[in-house]
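Thanks for coming. Please have the sequence and the model open, and I'll walk you through the fold.

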Amino acid sequence: MSTLKALTTLIAKPNRLKALLSYGHKGYLNSIGWFTAFDKKQAVDGKGEALPWVTYSFIDFIKERINKTQNIFEYGSGSSTIFYAKKAGTVTSVEHDKGWFDMVKNTSPANAEMIFCELVKNGEYSKKASLLNKKFEIIIVDGRDRVNCCKYSVEALSSNGVIVLDDSERQVYNPARIFLKEKGFKELSFSGISPGLFYEKATSVFYKADNCLGI
């Protein structure tokens, strides 16, 4: 819908316009801090605290299930690194963007390890979790080359580990979803909006019967 058509629709429906204007100080979007994230153009809650840039429904699900006994690996870094480090024992993040890596590294928590790795499709970046000689309870795929990252991540999971794939609704990531299901994982998808963004997306958890999230 064009901007002009959208404005015309709102003017023709004054009650809808009134309701939309009121949401800036009350209601769901305000209570979850969506407007703060929108204004700051950052993944944060209403208090300015860091959030991962995933669906709110997934954040609600995961925030009480992470604990200090768990080790997390994430493809992609940023505010998510801060969020997970507050709750987990350790967080290891791989980042392909050198400028972003240098900036995030200076603000990363003490229990977060940042790794820079150049991006080559189906190269070291996608294999990084499996190359560290360590097992992770949670592996979060929210960077580049996501299909290959999911495939190699299986080797780095603990016996009760789970894989989280963000933007799992995208057709381009279907091969990863199919691969993980063929490996015996079930998929639990969390759809909705994310901090500061208003389009529908999905974040999926791939898990087996004995998993660290109690699913």
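A definition before anything else. A nonpolar core here is a set of buried Ala, Val, Leu, Ile, Met, Phe, Trp, Tyr and Cys residues, joined through side-chain atoms within 4.5 Å. Keep in mind that this is a predicted model.

So, the core. The largest one has 28 residues. Phe58, Ile72, Tyr84, Ile138, Val205 and Leu213 have the most contacts inside it. Which elements give two or more residues to this core? They are helices α5 (56–62) and α6 (79–87), plus strands β4 (136–141), β5 (157–166) and β7 (201–207). α5 gives the most, with five residues.

Take leucine 213 from that list. Leaving aside residues up to four places away in sequence, leucine 213 touches Phe61, Ile62, Arg65, Ile138, Val162 and Val205. There is also a second, separate core, of 23 residues. Ala129, Phe136, Leu165 and Leu180 are among them.

Now the sheet. Seven strands form an open sheet, and the pairing is mixed. Read the order across as β3-β2-β1-β4-β5-β7-β6. Which strands stand at the edges? β3 (112–116) and β6 (186–192) do. Each has a single partner strand, so one side of each is left without a neighbour in the sheet. On average, neighbouring strands are turned by 15 degrees against each other, direction ignored.

Two pairings to look at. β6 and β7 pair in the antiparallel sense, over seven bridges. In this region, leucine 188 stands opposite valine 205 of β7. That is the Val205 we met in the largest core. The other pairing is β1 with β2, in the parallel sense, over five bridges. There, phenylalanine 73 has threonine 92 in β2 as its bridge partner. β2 is mostly covered, with five of its six residues buried.

Next, the helices on the sheet. α7 (residues 98–105) lies across β2 (90–95) and β3. α7 runs at about 160 degrees to β3. α9 packs on the sheet too, touching β1 (71–75), β4 and β5. The direction of α9 makes about 170 degrees with that of β5.

Then α6. Its buried residues are Ser80, Thr81, Phe83, Tyr84 and Ala85. These pack against α5, β1, β2, β3 and β4.

Where does cysteine 149 lie? Cysteine 149 is in helix α9, residues 146–153. Is cysteine 149 buried or exposed? The cut-off for buried is under 20% relative accessible area. Cysteine 149 has a relative accessible area of 0%, so it counts as buried. What does cysteine 149 touch, not counting residues up to four places away in sequence? The answer is Tyr75, Tyr125, Ser126, Val141 and Arg144. Lysine 127 is 22 residues from cysteine 149 along the chain, yet their C-alpha atoms are separated by 6.5 Å.

Last, the pocket. The largest pocket has a volume of about 630 Å³. It is lined by 31 residues. Trp53, Ser77, Gly78, Ser79 and Trp100 lie nearest its centre. β1, α6, β2 and α7 each give two or more residues to the lining. Which element supplies the largest share? That is α6, with four residues.

I'm happy to take questions.

Methods: Residues are numbered from 1 along each chain as its sequence is written. This is a predicted model: local features need pLDDT of at least 70, side-chain atom pairs count only at pLDDT 80 or more; totals for chains, interfaces and linings use all residues. Side-chain values use heavy atoms; hydrogens and water are left out. Buried means under 20% relative accessible area, exposed over 50%, partly exposed in between (1.4 Å probe, protein chains only). Contact means heavy atoms within 4.5 Å. Two strands pair if DSSP finds at least two bridges between them. Axes are lines fitted to C-alpha atoms, for helices over the stretch in contact, and angles run from 0 to 180 degrees between N-to-C directions. On a 1 Å grid over the protein atoms alone, a cavity is a set of points where a 1.4 Å probe fits but cannot get out, and a pocket is an open set with protein on both sides within 12 Å along at least five of seven lines; lining residues have an atom within 4 Å of a point. Grid points are joined across faces, edges and corners, and a volume is the space filled by probe spheres set on the points.
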